[in-house]
Amino acid sequence: MDTRNFHFPSFAFMFIHCFMISYAIIVRNLTTDQRALLEFKNQIFDPRNILADNWTTNTSACNWIGVSCAAKHRRVRALNLSNMGLTGTIPSHLGNLSFLDSLDLKNNSFHGHLPTEMGQLSRLKFIKLSVNFFSGEFPSWLGMLNKVLYLNLRNNNFTGEIPWEIRNLKSLETFSASNMRLVGSISASIFNIPSLKYIYLNGNNLSSNLPGDMCRRLPKLELLYLHRNEFSGQIPSSIGECSNLQNLSLALNRFSGIIPRSIGNLTKLKELYLGVNSLEGEIPLQIGNLRELQVLALDENKLEGEIPWEIRNLKSLETFSASNMRLVGSISASILNISSLKYIYLNGNNLSSNLPGDICRRLPKLELLFLHKNEFSGQIPSSIGECSNLQNLSLSFNRFNGIIPRSIGNLTKLKELYLGVNTLEGKVFCFTFYHFILSRQLVDKF
């Protein structure tokens, strides 16, 4: 080995110099994290003094309540101050926590604008700021955080449109911004994030139509909650292409037109809420293909015709709501053949025929049966007492006749019984229900 040009003192000096620089950077970064958290502490009110006695310079920030540090770099990796009753604003210094990948401040009383410096937190993957009082327009700088997987801002006071920059979040899987004051379209923002699986945007003032290529834009979509908004137009006929969809809620909007037949292709669907719109036509028989469906809510639309018998194929269905529409015919071959049903809302239609004598054996889990304001006739089955789980029964405003069967006294879980405005006769027996209503005056609320 040629050692003529090797000078050990020079090499040692360079090594020590590099070590000192690295050490200084580590110390500086730890100090930066601590300073940022102390600034945060100084701007909030801590009614339980959780942080006051714990976040001090006497101990490492990595040992503070709600703080987690990375094992390798000893930098603040996660901040979890959820459910602590904290009040105050978020300081710009929070943007100095450059190793932060999880921020959880949910269920507190923070207010004011989120500082733009938070856009520097490029490692963030989880952001949980729900149930606070943050205000201002929806932060466009969130679009800079391209590693975010989970973003929950629901139940705050954000306003305005969802900025198009949000579509830069190419790893985002869950987006929740419900129950706020958001307006405008989501086509240019949310519907351009192909990684999304769960979208919660209910309870805003969002509008426009759903794009026809929605499912191609969101191939991984499993949950879409858009209820309580101002969406309009038709439900896209391509909705059946959202093959992974399990929960779909479009209720309480302004959708019109028919329920597309392609909805029967959503074979993974467990919940379908389409109520309180202006949908028309008949209930598509293809809904019978949704074998995993547990909740089907179609109420308060302009749907008409008979309930298709194919609906009895829904062997997992627990709730069926189709009230206040123009449905006709019998329910014996359809609804009354789904043994899993617990809650049936069919009030406010033009349904007819008798109730079958074996209704309780067909529906052994039945807890609620609302059939008021229809055209049902005949006698109340004497076997009604076999519906042992029944808690709410409303048969008022129909054409039932004959006596009230004594077996009704066997319904010991019953809390509400509405039989008014029929042609029932005979004696009234003593029952121990909370509400036993026979008179027109007491059932007028229907």
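**Reading the cysteines, the sheet and a loop residue**

A: Let us begin with one pair of cysteines: C62 is buried, and C69 is buried as well. Please keep in mind that the model is predicted.

Q: How far apart are the sulfur atoms of C62 and C69, and which hand does the disulfide have?

A: The sulfur atoms of C62 and C69 lie 2.1 Å apart, and the two residues form a disulfide. For the hand one reads the torsion about the S-S bond, which for C62 and C69 is about -95 degrees, so the disulfide is left-handed.

Q: How many disulfides does a search of the whole structure find, and what is the pairing when the bonded cysteines are numbered in sequence order?

A: The search finds three disulfides, and with the bonded cysteines of the protein chain numbered in sequence order the pairing reads 1-2, 3-4, 5-6.

Q: Where do C215 and C242 lie, and what does the pair tie together?

A: C215 and C242 are joined by a disulfide with an S to S distance of 2.0 Å. C215 lies in helix α2 (residues 214–217), whereas C242 lies in the loop between β16 (232–234) and β17 (247–249), so the pair ties together parts that are 27 residues apart in sequence. Both C215 and C242 are buried, and their link, with -95 degrees about the S-S bond, is left-handed.

Q: What can be said of C360 and C387?

A: A disulfide joins C360 to C387, with 2.0 Å from S to S. This pair links distant parts of the chain, with C360 in helix α3 (residues 359–362) and C387 in the loop between β28 (375–379) and β29 (392–394), 27 residues apart. The torsion about the S-S bond of C360 and C387 is about -95 degrees, so this disulfide is left-handed. As for burial, the cut-off is under 20% relative accessible area; C360 counts as buried because its relative accessibility is 5%, and C387, with a relative accessible area of 3%, is buried too.

Q: How should I read the strands, and what is the order of the open sheet of nine strands?

A: Strands of a sheet pair through backbone hydrogen bonds, and they do so either in parallel or antiparallel fashion. Here the secondary structure of the protein chain comes to three helices and 33 strands. The open sheet of nine strands runs in the order β16-β18-β20-β22-β24-β26-β28-β30-β32, with parallel pairing. β16 and β32 (423–425) stand at the edges and have a single partner strand each, so one side of each is left without a neighbour in the sheet. From one strand to the next, the twist averages 15 degrees. Within this sheet, strand β22 (residues 302–306) pairs with β24 in the parallel sense over three bridges, and E306 stands opposite V328 in β24.

Q: Where does L341 lie, and why does it count as buried?

A: L341 lies in the loop between β24 (326–329) and β25 (343–345), and L341 counts as buried because its relative accessibility is 0%. Leaving aside neighbours within four places in sequence, L341 is in contact with several residues, among them L317, F320, I335 and L363. L341 and K315 are 26 residues apart in sequence, while their C-alpha atoms are 8.5 Å apart in space.

Q: What share of the residues in the protein chain is buried?

A: Buried residues make up 50% of the 446 residues in the protein chain. The chain exposes about 20,700 Å², of which carbon and sulfur atoms supply 49%.

Technical notes:
Residues numbered from 1 in each chain as written. Predicted model: local features only at pLDDT ≥ 70, side-chain atom pairs only at ≥ 80, totals over all residues. Heavy atoms only, no water. Helix = DSSP H or I, 4+ residues; strand = E, 2+ residues; numbered from the N terminus. Buried < 20%, exposed > 50% of the residue type's maximum accessible area, 1.4 Å probe, protein only. Contact = heavy atoms within 4.5 Å. Disulfide = S-S within 2.5 Å. Areas by Shrake-Rupley, 256 points an atom, 1.4 Å probe, with all protein chains shown as cover. Pairing = 2+ DSSP bridges. Axes fitted to C-alpha atoms, helices over the stretch in contact; angles between N-to-C directions.
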